[in-house]
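Hi everyone, thanks for coming.

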Amino acid sequence: MKVFDAAEVASHNTRDSCWVILYGDVYDVTDFIPDHPGGAKIILKLAGQDATEDYDPVHPPGTLEENLKPEAKLGRVDPDSLVRQDAPAVKAEADADARPPLESLLNLDEIEDEATKRIPKKAWAYYVSASDDEYSKRFNNSVYRDILLRSRVFVDCTACDLSTSVLGNKVNVPFFIAPAAMARLAHPDGEHGMAKAAARFGAMQVVSNNASMTPEQIVEGAPPGQVFGWQLYVQNHRDKSVAMLKRINAMRDRFKFICLTLDAPVPGKRELDEKSSFERGNNVAAAVGDSGDEKRPGGGGVGQQLFFGTACDLTWATTLPWLAQHTDLPIVLKGLQTHEDAYLAAKYAPQVKAIILSNHGGRAADTASPSVHTLLEIRKYCPEVFSKIEVWVDGGIKRGTDVVKALCLGATAVGLGRAPLFGLGAGGQAGVERVLEILEAEMATCMRLLGAKSISELGPRFINSRRVERDIYDGESGLDKRGLWTRARL
């Protein structure tokens with residue numbers, strides 16, 4: 001195999017001749033540039049360079065083999081010709097020595113602060129960013145402060161059972177790891193580390209469509225009974241989605257449902273994430289030229305790149321029947337933000353078994369309502385939905401009390417998006433375990449103080465949500481309830 005000098009590789013740094021180094025091998029990716037799902041810019045930024053550090057955290061094993069022809073691999077790079085950067089390694093080792101014990105981190109904000117010190121700035125920008133002015137992201141959390149607890153006394157609260165069931169599967173805690181992409185940007189443990197942490201607490205995990213590990217890797221070694229779901233972003237090229245559904249169908253002993261994401265048919269304007277793409281000190285604009293190719297999504301941050309190829313033509317009438325052709329796994333619809341859509345979803349039972357009320361963590365439409373508002377809308381306009389399908393929520397969960405309040409309003413389960421990612425950044429798998437440990441303990445404390453001994457006892461009587469109810473939608477219901485779920489028999 002031919003051995004190249006790094007300087008020779010560096011000379012191939014244009015659209016017409018683009019080489020990169022990955023894991024010590026030299027690849028000619030010139031022909032792949034127009035087909036790269038993330039757009040041309042991301043490749044041209046790394047043209048002629050060792051791209052391993054940027055490539056590895058965001059691409060599952062096998063990606064090279066799936067997308068490049070064998071002849072694209074030109075040879076090896078002479079390791080002695082590469083510029084070594086020992087200083088960052090020394091700094092990382094020193095940082096590790098200064099890492100505080102995880103048990104000293106007492107809440108999710110402290111875990112996020114610790115992760116922020118340690119993960120790459122690009123990863124931080126992708127995880128923390130939200131759309132436009134980030135109002136929805138902040139409001140997702142602050143709305144829980146406006147719901148007050150109503151504690152009962154003289155109740156034996158020695159026992160406190162946090163277990164429940166989701167889609168007929170027993171879980172030990174009512175919160176779950178929500179689908180969030182690119183976990184290995186935070187730590188090499190990635191989504192598999194999350195899965196091992198979830199196993200310790202008997203928690204469910206919904207694996208991101210854009211995970212940085214393969215589904216097979218993520219669930220490897222999971223104990224029997226651990227519950228996983230697979231998030232699906234339907235692609236414009238439907239054959240890609242069909243192929244993934246086939247893989248997940250073959251692992252139905254692990255993956256119990258398909259989570260179809262609907263709240264981000266196009267990416268929101270995540271400015272922090274987009275800013276990060278300008279910080280490598282490269283002359284991308286000159287390299288790209290005026291071909292017009294970069295008008296497609298993929299020119300911004302990580303989020304923009306991941307969304308390229310995602311279909312935005314999904315409808316009630318076409319998409320659910322299409323899914324039924326390719327999987328008989330239960331469907332969970334993620335991203336509902338109104339009672340009208342919750343009501344429509346319930347009419348598609350039993351194919352649709354659950355919905356997730358979500359505004360995509362504030363990453364899609366800014367000023368979108370928080371999940372709590374939609375929960376209250378359902379209670380006001382169509383409470384029968386709760387008896388027809390399960391209602392899950394995500395967005396803004398920072399405390400065990402937040403989880404309890406959502407459950408009191410009728411949620412079956414509560415999703416955690418950013419928190420597990422920051423747990424990874426703070427301490428790998430152990431950091432995720434600390435996130436779940438904190439929430440479990442806070443929930444148990446809250447329920448004991450309320451006088452609730454189990455999840456099944458929670459309900460509206462334990463909270464005062466009047467202050468939030470004043471702000472929810474107050475227009476016409478928009479529902480045709482004649483005959484409710486079935487046509488009237490005359």
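This is a predicted model: local features need pLDDT of at least 70, side-chain atom pairs count only at pLDDT 80 or more; totals for chains, interfaces and linings use all residues.

Strand S2 and strand S3, which covers residues 25–28, pair in the antiparallel sense, and 4 bridges link them. If you want one spot to look at, find Val20 and look across to S3: the residue standing opposite is Tyr27. Those two strands belong to an open sheet of 4 strands, in the order S1-S4-S3-S2, with mixed pairing. At the edges sit S1 (3–4) and S2 (19–22), each of them pairing on one side only.

As background, most residues other than glycine have a negative phi, and most peptide bonds are trans.

Speaking of peptide bonds, jump along to Ala349 and Pro350. A cis peptide bond joins them, with omega at about 10 degrees. Pro350 lies in the loop that runs between helix H16 (339–346) and strand S13 (352–357).

Next up, a pair of helices. H6 is residues 108–118 and H20 is residues 418–450; they pack at an angle of about 170 degrees, with their axes 10 Å apart. Anything over 145 counts as roughly antiparallel, so that is the label for H6 and H20. Who meets whom? On the H6 side, the contact includes Leu108, Ile111 and Arg118, and on the H20 side it includes Phe422, Arg434 and Leu439. By class, the contact has 9 nonpolar, 2 polar and 4 charged residues.

Among the elements giving two or more residues to the lining are H6, helix H7 (121–128), helix H8 (135–145) and strand S15 (413–416). Which element gives the most to this lining? That's H20, with 5 residues. The lining as a whole divides into 17 nonpolar, 14 polar and 10 charged residues.

Last stop: cavities. Rolling a probe the size of a water molecule over the atoms shows where empty space is left. How many cavities of 30 Å³ or more does a search of the whole structure find? It finds 2.

The largest cavity has a volume of about 40 Å³. Its lining includes Ile177, Glu191, Met194 and Val206. Helix H9 (190–201) and strand S9 (205–207) each supply at least two residues, and the largest share, 3 residues, comes from S9. By class, this lining has 6 nonpolar, 2 polar and 1 charged residues.

The second largest cavity has about 30 Å³ of space. Among the residues around it are Val166, Pro174, Phe175, Met204 and Ala413. What classes do its lining residues fall into? There are 8 nonpolar residues, no polar and no charged.

That's my tour. Thanks, and I'm happy to take questions.

Conventions. Residues are numbered from 1 along each chain as its sequence is written. Side-chain values use heavy atoms; hydrogens and water are left out. On a 1 Å grid over the protein atoms alone, a cavity is a set of points where a 1.4 Å probe fits but cannot get out, and a pocket is an open set with protein on both sides within 12 Å along at least five of seven lines; lining residues have an atom within 4 Å of a point. Grid points are joined across faces, edges and corners, and a volume is the space filled by probe spheres set on the points. Ala, Val, Leu, Ile, Met, Phe, Trp, Tyr, Cys and Pro count as nonpolar, Asp, Glu, Lys and Arg as charged, and the others, Gly among them, as polar. Two strands pair if DSSP finds at least two bridges between them. Axes are lines fitted to C-alpha atoms, for helices over the stretch in contact, and angles run from 0 to 180 degrees between N-to-C directions. Angles under 35 degrees count as roughly parallel, over 145 as roughly antiparallel, 65 to 115 as roughly perpendicular and the rest as oblique. Contact means heavy atoms within 4.5 Å.
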